[in-house]
Amino acid sequence: MVDFSAARLNMVDSQVRTNDVTDLHVQDAMRAIPRESLLPPERAYLAYADAEVPYAPGRALLAPRDVAKLLHGLAIVPGQKALAIAAPYGAAVLEHAGLQVERLDGEDLIPAASQAYDAIICEGAVVKAPTAWTDALAPGGRLAVIERLGPVGKAVIYTQSPTGLARREIFDATPSYLGGFEPEQGFAF
């Protein structure tokens, strides 16, 4: 039998804190949230492994290090409004940290045009962040996403500033593509 509580603490100590995630909101939430409860029972034993774990077709929980670094990069603030796109674990961490979270995890991953969010996270790689996601940022809002066009992707934080949209790369990552956001296949010489 797996001791999930011990595995959870070990995950934070060995995969999160050692990768410069110093945000105590993120650390505390990751110590408390039963990651295994977000997975199918037959995959629960993988919840705290240093790997992404599929939970549905075209969807996977990011590796703990990657999701922690994305959340750290968002500079979360309790009370802010957040959107979790195909990110059940990211949503749980944000809620535990005191943010108001809306979730998009169905077929349509485009937020309503009338909404504006302070923080948006996506748990899956995309070729480029869709304009609909960056358009959903409130002034000062941040989007954390992994953009990947080849074997290695870049975790990116987009920030909506008074002068426009800023983009900052924060680390390399190689997660699977989010279902429906894979690169188009083409032919080249």
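These notebook entries record what I looked up in a predicted model of one protein chain.

Ground rules. I number residues from 1 along each chain as its sequence is written, and side-chain values use heavy atoms, without hydrogens or water. In this predicted model I need pLDDT of at least 70 for local features and 80 or more for side-chain atom pairs, while totals for chains, interfaces and linings use all residues.

Fold. I counted five helices and eight strands, taken as DSSP runs (helices H or I, at least four residues; strands E, at least two) and numbered from the N terminus. Along the sequence the pattern reads α-α-β-β-α-β-α-β-β-α-β-β-β. The radius of gyration is 16 Å, close to the 16 Å of the globule rule for 189 residues, so the chain is as compact as a globular protein of that length. I took that radius over C-alpha atoms, and the rule is 2.2 Å times the number of residues to the power 0.38. The C-alpha trace spans about 50 × 45 × 30 Å along its principal axes.

Burial. I found 49% of the 189 residues buried, meaning under 20% relative accessible area with a 1.4 Å probe, protein chains only.

Contacts. For pairs at least 6 apart in sequence, 48% of contacts join residues at least 24 apart; a contact is heavy atoms within 4.5 Å.

Helix α3. I looked at residues 64–74 and found nine of the eleven buried. Among them are P64, D66, K69 and L74. A75 follows α3 and has a positive phi, near 50 degrees.

Methods
Buried means under 20% relative accessible area, exposed over 50%, partly exposed in between (1.4 Å probe, protein chains only).
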